[in-house]
Structure formats: C-alpha cells, structure tokens
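Please have the viewer open as you read.

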Amino acid sequence: MAKISEREKEERFAQRLGKGGKVASAQEMTEEYKEHLVHLMMMQADSELAGAYGYVPWIMKSPNIQETLAVAQIVKDEVRHARVMYRLLEGLGMEVQGYFDKHNFTLRVEERDIGTQRVADDKRVNIFYYPIHTWYDFILFNFCMDRGAGHQLEDAKDCSYQPWCDVMEGIFKEEAMHMAHGDAWVKRLAGDPKTQGAVQEALNVWYPRTMNIFGRPNSPKNRIYRKLGLKRRDNEEVRQAFSAEIRQKCGEFGLRVPDWKPVEAMMSEEPFIPG
Ligand SMILES: [Fe+2]
Ligand SMILES: [Fe+2]
C-alpha cells in the first residue's frame, strides 16, 4: 500500500473527528492531535492537584465537624481527579513522577489579580495560584470555580478522546457535589444579615477571577481544539452559560452580580477545564 503523507493523514484524521469520530489509543493520533490533547489534559491534571492542595488547610480550619468531613471528601475527590488524569497522561508516554518532583503544586501568590502572567511552569489555570484565606473564599471557590469547571467539563465529557470521556463522567458528578456544597453555603450566608456583606465581598473577588478562566472569544487555539473534537463550543459560549447561572443564583439569594469587563489582555488565551 502506498504510504500517505503526514499532511494527508492529518486531514483525513481531522475529517473523521469533525464527523464526531472518536480516538481510542495513541497509535491512532497525529502529532498535532497528541500535542493539543496532552496540553489540555495536563492543564486539568495540574489544576486538580493544585486545587486539592489549596483546600487541605480547610479540613482543619472548617467551622464544624460535618464540614471537616465535607472538605476532606472534596480534597479526596480532587486528588482522585488528578490521579486519574495523570494516569491517562502516563498512558500517552508522560513521565509523571519526574514532573511531580520538579513542580511545586502548593505554590500560591498574594496578588489580587495576576491576569494571564505565567506564575510558574506548571500548567494549572491561574485561578489556582490564588490562596484561600477564609471560609468565605473556600465557599465562593465552590460556588464560582466548581461551577465554571462544570461548564468546561461538559465539552470534555463528549470530546474525541474516548478514554478522557470515560473518566469525565465520574469527575463531573463529583464536581456537581462541590458546587452544591457552595450553593447551600452561599444561600445560608447571604440569607443572614450578619454574613451577607462578607459573602458579597468574596463574590466580588471570585466571580471576576472565574470569568477570566474561559479564554478569549473566537480564539485561534479554541478553533483548533474544535477542529480536533477536543472542544465543542466557543470560549465565549461557555462563559455566558456560566454567567447566566450565576445571575440566576444571585437573584435567588439576594446578591448583586459583580461587574466584569472583558479586558482582552487579562483573559487567558487558554480555556481551562476543571476545579
Ligand atoms: Fe476536580
Ligand atoms: Fe471540585
């Protein structure tokens, strides 16, 4: 059989994915596909792990024993998500232990807004570099970021790499629990005049940070991801779906939706996945 060129191979492959085709193993991938897939999966894996580490102190600092258990469960879920993603990456040839040894996933920075500036050379999404200083921060992280992650994960659940779809189903369910935890607490704190001001203030911090995770509208990278079936929607569509849900919840709980301006330079080029 005549050997087909790399370019032809890529075109045929993209056409298949454009029709909803699935990829099951590394042998079927083109270089281009593998590179983008690994990049997106590493963003998720590193974010899951950094997220877990950020929550750890709140196992001990939570307001009561039930909450100690709830936070411990959330930490366990996030570590599991990271582990599952790194195992998929190992299957694609990544040397995970060496990578883990070289990066500091506990690193946090104090700046109020780090924009798109790279803080370190791990691949986590920038929101995971912000410290969680108070119980309000923890709750608003669940309310905003786990919800944002859920919207991003919708696409991964139905992406072209079947082994990723397979693990997303379980991850998605656990993220929904984290979000429900955030919702219940935000409702409770917003309903009490003694805590309403503080919950609004925390929302003012975490809502814009979450709005910045989705990437620029119509970004060239997003177009490539869509061509390869690694994403299904434009970044802006995902952002708007998240924002609409926050609006609805804020209406319900008597909170004001904070302002957010789409400052191009402040929006990450990369759409994030997880929480
Ligand atoms: Fe997660
Ligand atoms: Fe989560």
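A residue is called buried if 20 or more other C-beta atoms lie within 10 Å of its own. The model is predicted, and by that cut-off 19 of the 23 residues of helix 6 are buried, so this helix is largely enclosed by the rest of the structure.

Helix 6 spans residues 135-157. From its first C-alpha to its last it reaches 31 Å, close to the 33 Å expected at 1.5 Å a residue. Do look along its axis, though: helix 6 has a kink of about 30°, and the kink is centred on Phe141.

## Where helix 6 meets helix 8

The partner here is helix 8, residues 196-211. The two axes come within 9 Å and cross at roughly 35°, and the crossing is right-handed.

On the helix 6 side, the contact involves Tyr136, Asp137, Leu140, Phe141, Cys144, Met145 and Gly148. Facing them in helix 8 are Ala198, Val199, Ala202, Leu203, Trp206, Tyr207 and Thr210.

## A look at Glu31

Now turn to helix 2, residues 31-55, where Glu31 is found. Is Glu31 buried or exposed? Glu31 counts as exposed because it has 10 C-beta neighbours inside 10 Å, and the exposed class takes in residues with 12 or fewer.

Glu31 and Glu10 are 21 residues apart in sequence, while their C-alpha atoms are 8.6 Å apart in space.

Terms used: Residues numbered from 1 in each chain as written. Chains lettered and ligands numbered in written order. Predicted model: local features only at pLDDT ≥ 70, side-chain atom pairs only at ≥ 80, totals over all residues. Axes fitted to C-alpha atoms, helices over the stretch in contact; angles between N-to-C directions. Helix = DSSP H or I, 4+ residues; strand = E, 2+ residues; numbered from the N terminus. Left-handed = near helix turned anticlockwise from the far one by under 90°. Contact = placed C-beta atoms within 7 Å. Expected span 1.5 Å × (residues − 1). Bend = angle between axes of the 7 residues up to and from the residue.
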